[in-house]
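Please consult the sequence and the coordinates shown here while reading.

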Amino acid sequence: MQLSVRIRIARQRARLSQEALARQLGISRGAVANWECSVGALPATSRLEQLARITAVRFEWLATGRGGIGYEAADEDVPAAEAEFVHDPAERRLLAAFRACDAQTRRMLLRLAEAPLPEGRRSA
């Protein structure tokens, strides 16, 4: 997810208009609109810190997309590898269990997971 999208999500989650956020940051509405544009300019780190504080999102999530969005997020609410977010509780449990395994068990689990399913058990 691009920074521009995370900025928009943070602003909307805080129920702020571009104008209201700009006012709190001491900048123009056009600057906020530019940040939310996928080809626009990027805010300075100090502005991201202010934006995270104002919108009550975690700075790490805002700046990088990693971790939970809000402070109320649980420790298990961690994105999977390669910035793919895991929202399914069962998938999150599988990922946590896999990460806890030794290398030999991981290899065995990968072989099992990647093995072709028997003819009558394929999902659509």
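## Burial and surface

A residue is called buried when its relative accessible area is under 20%, exposed when that area is over 50%, and partly exposed in between, with a 1.4 Å probe and protein chains only. By this criterion, 24% of the 124 residues of the protein chain are buried.

The model is predicted: local features need pLDDT of at least 70, side-chain atom pairs count only at pLDDT 80 or more, and totals for chains, interfaces and linings use all residues. Residues are numbered from 1 along each chain as its sequence is written, and side-chain values use heavy atoms, without hydrogens or water.

The protein chain has an accessible surface of about 8600 Å², and carbon and sulfur atoms contribute 53% of that area.

## Fold and contacts

Seven helices and zero strands make up the elements of the protein chain. Helices (H or I, at least four residues) and strands (E, at least two) are DSSP runs, numbered from the N terminus.

A contact requires heavy atoms within 4.5 Å. Among contacts in the protein chain with a separation of 6 or more, 40% join residues 24 or more positions apart.

## Two positive phi angles

Most residues other than glycine have a negative phi. Arginine 15, although not a glycine, has a positive phi of about 55°. Arginine 15 lies in the loop between helix H1 (3–13) and helix H2 (18–25) and is exposed, with a relative accessible area of 78%.

Alanine 56 also has a positive phi, near 60°. The loop between helix H4 (45–55) and helix H5 (59–64) holds alanine 56, which is partly exposed at a relative accessible area of 37%.

Key. Accessible areas come from the Shrake-Rupley method with a 1.4 Å probe; for residues, only the protein chains shown count as cover.
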